[in-house]
Amino acid sequence: MPALGYGVFQIPDDETQRAVEAALAVGYRSIDTAAAYQNERAVGKALAVSGIPRDELFVTTKLWVQDQGEEDAKRAFDRSLERLGLDYVDLYLIHQPFGDYYGSWRAMEQLHHSGHARAIGVSNFYPDRLIDLILHNEVTPAINQVETHVFFQRKDYQELMQERGIRIESWGPLAEGRNGFFDNELLTEIGDTHGKSVAQIALRWLVQRGAVVIPKTIRPERMSENLDIFDFILTDDEMAQIATLDTGKSVVIDHNDPKTAQHLGGTRFDT
Ligand SMILES: NC(=O)c1ccc[n+]([C@@H]2O[C@H](COP(=O)([O-])OP(=O)(O)OC[C@H]3O[C@@H](n4cnc5c(N)ncnc54)[C@H](OP(=O)(O)O)[C@@H]3O)[C@@H](O)[C@H]2O)c1
């Protein structure tokens with residue numbers, strides 16, 4: 001899996017094809033979508049017109065809460081494949097740890113064994129739910145995609161995942177611009193040293209600590225900027241300084257909050 005991919009959350013359906021085509025043109029090969037983003041069909045069109053061989057692409061999509069359960073998950077997966085115009089996905093994730101995700105996981109294990117989902121994983125699973133899922137199933141998730149960025153670093157959780165052979169994938173790697181992210185003094189200062197932007201420093205920091213990142217932008221110049229993080233190295237001292245920005249808390253959504261279970265558990269999409 002590429003260490004850096006392109007995320008399409010909150011890109012409207014009618015803008016997604018253009019955005020993904022632009023991302024592929026500047027060099028992205030990994031695309032992160034979801035049934036709930038309502039733009040899988042547009043992603044599929046962009047992949048098709050790109051002419052890039054399928055085995056050079058890495059496509060991730062996700063199962064939404066209303067489709068949890070063994071049989072519903074299989075049907076939802078087939079619909080995602082059809083919308084994407086693909087005959088397999090590289091990574092299929094349970095989007096949220098709500099509803100009958102044990103049933104879904106059994107379906108995903110089968111999709112994995114049949115090769116329709118090359119890898120399977122989860123998203124937004126906090127430690128207790130992740131460990132429980134591993135203990136009571138055959139296949140361990142390859143990935144856990146969770147909110148991770150300079151303000152919510154999850155170092156202990158990443159270590160726990162690593163011990164179990166699970167890779168952390170960071171959603172919101174730019175903290176969605178919250179908490180004054182793009183004006184952060186320390187990141188700006190370190191960026192000046194390397195001739196890099198705040199976004200590039202934050203992405204490099206994540207990749208250097210072993211996270212997969214999937215920043216989202218609709219602007220082609222930012223797509224190139226976010227990709228251009230492999231020609232410099234942050235020093236141990238810079239890594240340690242950035243570690244001090246951790247607040248230990250989400251800046252977007254807390255999956256331990258019952259209101260989140262209530263809200264996301266009740267949100268339905270046309271999947
Ligand atoms: N599994 C989940 O529950 C979950 C949840 C959230 C996100 N995700 C995935 O993670 C991906 C990324 O997370 P995200 O979209 O929430 O947030 P993000 O990537 O942290 O931040 C995106 C924001 O930063 C801006 N931006 C991007 N690059 C920039 C740059 N170089 N300079 C200045 N501004 C820049 C974008 O604006 P412009 O577009 O205007 O440039 C957008 O407002 C999503 O697209 C999705 O694939 C998954």
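This is a predicted model: local features need pLDDT of at least 70, side-chain atom pairs count only at pLDDT 80 or more; totals for chains, interfaces and linings use all residues.

**Entry 1: aromatic pairs**

I began with a search of the whole structure, and 8 aromatic pairs came back. I noted F9 and Y37 from that search: their ring centres lie 5.0 Å apart with 35° between the planes, and the pair counts as tilted. The partners are 28 residues apart, with F9 in the loop between strand 1 (6–7) and helix 1 (13–26) and Y37 in the loop between strand 2 (30–32) and helix 2 (40–50).

Next I turned to F77 and Y92, whose centres are 4.7 Å apart and whose planes meet at 70°, so I wrote the pair down as edge-to-face. Since F77 belongs to helix 3 (residues 70–84) and Y92 to strand 4 (residues 89–94), the pair ties together parts 15 residues apart in sequence. Both F77 and Y92 are buried.

**Entry 2: charges over Y88**

Which arginines sit over the ring of Y88? I found R54 over the face of Y88, 3.9 Å from the ring centre. I also found R118, with its charged end 3.8 Å from the centre of the Y88 ring.

**Entry 3: helix 2 against helix 3**

I checked how these two helices meet. The axes of helix 2 and helix 3 come within 7 Å and cross at roughly 45°, and the two helices are therefore oblique to each other. On the helix 2 side I listed E40, R41, V43 and G44, which meet S80, E82, R83 and L84 of helix 3.

D100 sits in the loop between strand 4 and helix 4 (101–114) and is partly exposed, at 40% relative accessible area. I looked for its contacts beyond four places in sequence and got Q68, G69 and E70. For D100 and E70, 30 residues apart along the chain, the C-alpha separation is 8.3 Å.

D246 is in the loop between helix 10 (236–243) and helix 11 (258–265), and D246 too is partly exposed, at 33%. Leaving out residues up to four places away, D246 touches V150, F151, F152 and Q153. I noted that D246 and F152 are 94 residues apart in sequence, yet their C-alpha atoms are 5.4 Å apart.

**Entry 4: helix 6**

Which residues of helix 6 (residues 155–163) are buried? I got Y157, Q158 and M161. They span an arc of only 100° around the axis, so they lie on the same side of helix 6. The face turned away from that buried side carries the exposed residues K155, D156 and E163. The buried residues pack against helix 5 (127–135), strand 6 (143–147) and strand 7 (167–171). After helix 6 comes G165, with a positive phi near 80°.

**Entry 5: helix 8**

I then asked how many of the residues of helix 8 (residues 198–208) are buried. The count is 10 of 11, so helix 8 is largely enclosed by the rest of the structure. Among the buried ones I wrote down Q200, R204 and W205. The buried residues of helix 8 pack against strand 7, helix 7 (185–194), strand 8 (212–213), helix 9 (220–227) and helix 10. Just after helix 8, G210 has a positive phi of about 95°.

**Entry 6: positive phi without glycine**

Most residues other than glycine have a negative phi. With that in mind I marked A175, which has a positive phi of about 55° although it is not a glycine. E176 went on the list as well, being a non-glycine residue with a positive phi of about 50°. A175 is in the loop between strand 7 and helix 7, and E176 lies in the loop between strand 7 and helix 7 too. Buried or exposed, what is A175? A175 is buried, with a relative accessible area of 0%, whereas E176 is partly exposed at 32%.

Terms used: Residues are numbered from 1 along each chain as its sequence is written. Side-chain values use heavy atoms; hydrogens and water are left out. Rings of Phe, Tyr and Trp (its six-membered ring) pair if their centres lie within 6.5 Å; planes under 30 degrees apart count as stacked, over 60 as edge-to-face and the rest as tilted. Helices (H or I, at least four residues) and strands (E, at least two) are DSSP runs, numbered from the N terminus. Buried means under 20% relative accessible area, exposed over 50%, partly exposed in between (1.4 Å probe, protein chains only). A charge sits over a ring if NZ of Lys or CZ of Arg is within 6 Å of the ring centre and within 35 degrees of the ring normal. Contact means heavy atoms within 4.5 Å. The arc is that of the directions from the helix axis to the C-beta atoms. Axes are lines fitted to C-alpha atoms, for helices over the stretch in contact, and angles run from 0 to 180 degrees between N-to-C directions. Angles under 35 degrees count as roughly parallel, over 145 as roughly antiparallel, 65 to 115 as roughly perpendicular and the rest as oblique.
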